[in-house]
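Reader: Please show me the structure, and then take my questions on its packing one at a time.

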Amino acid sequence: MIALTLAEVAAAVGGTLDGADPATPVTGPVEVDSRKVRPGGLFAAFIGEHVDGHDYAERAVAAGAVAVLASRPVGVPAVLVDSVVDALGKLARAVVARAEGTAVVALTGSAGKTSTKDLIAQLLQRHGETVYPPGSLNNEIGHPMTALRVEEGTRHLVMEMGARHKGDIEYLTSITPPRIGLVLNVGTAHVGEFGSQEAIAEAKGELVEALPAEGTAILNADDPLVRAMAARTRAKVVYFGESREADVRAQDVRLDSTGRPSFTLTTPTGSAAVQLRLYGEHHVSNALAAAAVAVELGMSVDDTAEALSEAGALSRWRMEVVDRADGVTVVNDAYNANPDSMRAALRALVSMGGRGPERRRTWAVLGEMRELGEESLAEHDAIGRLAVRLDVTKLVAVGGREAACMELGARNEGSWGEESVLVSDADAAVELLRSQLRPGDVVLVKASRSVGLEKVAEALLADGAA
């Protein structure tokens with residue numbers, strides 16, 4: 001973090017000092033876990049569902065924290081505020097404001113945010129120190145925690161922004177005002193919260209509304225709801241996609257025998273070949289979005305293409321592909337799921353299985369997609385039907401009502417139900433797979449995060465290592 005005195009911290013967050021020396025500098029990171037506190041840092045005492053951070057204030061100071069950001073006196077040096085969550089956002093805003101040379105890149109979308117964020121970070125790291133969140137820290141706590149890692153020499157700050165309610169992205173952009181705003185897509189993730197795709201688009205568009213006139217909005221030309229956001233920004237607009245009208249586009253898209261895409265990256269300043277290390281054609285759109293950001297920040301087309309071709313998956317359980325010693329391939333995409341990402345993952349699975357006489361058997365182990373509201377049963381039915389249409393060898397639907405609807409969709413689309421089976425939980429899925437997998441099979445595991453279906457992938461990989 002850019003160094004601030006405790007007096008400056010208190011002024012930034014509208015707090016008061018309690019037993020703390022105003023001149024004491026905060027030179028270390030801000031932490032919400034007392035076990036991670038380092039000397040010179042600041043401990044933020046959050047009140048969680050099961051743990052109250054105020055109870056660990058003394059431990060944090062003993063570990064080297066110079067003070068605690070707290071909502072009540074804690075018996076050690078503290079900055080007292082009404083809300084620790086609000087104060088953390090205000091402190092992050094103050095730090096980012098001091099980082100005058102840092103370009104803030106913000107992105108949002110219904111699917112692909114974390115994978116695209118990871119690509120952008122890997123591209124921009126070639127041209128200077130880049131701060132970005134690990135995993136999916138994109139809410140009112142993870143967002144400022146990432147921003148507080150900015151230092152004097154930080155050249156790029158890449159921020160992933162999630163939204164469950166109207167106004168969420170507007171709030172996050174107030175903490176880290178973006179110079180570049182990227183919108184990937186508007187799908188049906190969280191449609192149960194928002195009510196419609198149009199309402200989701202309204203919320204996602206808060207990002208481009210926050211851009212300054214000298215900023216850049218990077219929009220998906222292939223998504224009509226995203227493309228329409230051009231009317232909501234005063235910034236310059238750059239389009240990406242496979243559309244011929246896109247400024248940054250892909251041509252000659254191909255998939256190799258393992259399902260990894262290659263294409264020609266075409267921009268206003270030239271073209272170059274890209275061979276991704278990521279699995280699935282859906283990553284082409286993510287790569288184009290990342291390329292548009294990189295080119296806008298001054299990277300050459302050749303450098304961008306080379307960096308894309310070298311980039312890997314940084315975040316766990318997102319199309320994480322591992323080959324067992326017996327030839328079974330496990331694709332762990334269990335971090336999250338919505339209808340768009342499910343369709344993309346199924347298509348990736350089929351491409352990895354290949355075609356012709358050498359075709360491998362493909363297994364789709366799928367659990368519930370949550371937060372879909374009234375459309376939930378219809379969406380699960382549609383995914384089951386798609387698995388059959390794509391000729392997935394076997395659908396294993398895991399769970400209760402929604403899983404049953406998915407399996408029924410597959411059964412109604414197929415013949416005699418040979419392509420699908422319903423099991424109650426992850427343990428039952430593992431038992432089934434252990435009894436039926438053969439060398440060379442490809443297994444996709446995917447569901448919403450709260451389902452915990454990564455247990456299936458972990459069990460299969462443990463079997464392969466035994």
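The questions below concern a predicted model and cover helix packing, a sheet and the nonpolar cores.

Reader: How are α13 and α14 oriented to each other?
Author: Helix α13 spans residues 339-353 and helix α14 spans residues 376-389. Their axes lie 11 Å apart, at an angle of about 10°. Angles under 35 degrees count as roughly parallel. The two helices α13 and α14 are therefore roughly parallel.

Reader: Which residues in α14 does α13 meet, and how many of the residues in the contact are charged?
Author: From α13 come Pro339, Met342, Arg343, Leu346 and Arg347, and they meet Glu379, Ile383, Leu386 and Ala387 in α14. By class, the contact has six nonpolar residues and no polar ones, and the charged residues number three.

Reader: Which strands are at the edges of the six-stranded open sheet?
Author: The strand order is β17-β18-β22-β19-β20-β21, with mixed pairing. An edge strand pairs on one side only, which holds for β17 (320-323) and β21 (420-423).

Reader: Which residue in β18 stands opposite Glu320?
Author: Strand β18 covers residues 329-332 and runs antiparallel to β17, with four bridges joining the two. Opposite Glu320 in this pairing stands Asn332.

Reader: Which element gives the largest share of the largest nonpolar core?
Author: That core has 50 residues, and Leu219, Leu346 and Leu366 have the most contacts inside it. Beyond its neighbours within four places in sequence, Leu219 touches residues including Val183, Val208, Met229 and Phe240. Another core, of 40 residues, lies apart and includes Leu119 and Ala287.

Key: Residues numbered from 1 in each chain as written. Predicted model: local features only at pLDDT ≥ 70, side-chain atom pairs only at ≥ 80, totals over all residues. Heavy atoms only, no water. Axes fitted to C-alpha atoms, helices over the stretch in contact; angles between N-to-C directions. Parallel < 35°, antiparallel > 145°, perpendicular 65-115°, else oblique. Contact = heavy atoms within 4.5 Å. Nonpolar A, V, L, I, M, F, W, Y, C, P; charged D, E, K, R; others polar. Pairing = 2+ DSSP bridges. Core = buried A, V, L, I, M, F, W, Y, C linked by side-chain atoms within 4.5 Å. Buried < 20%, exposed > 50% of the residue type's maximum accessible area, 1.4 Å probe, protein only.
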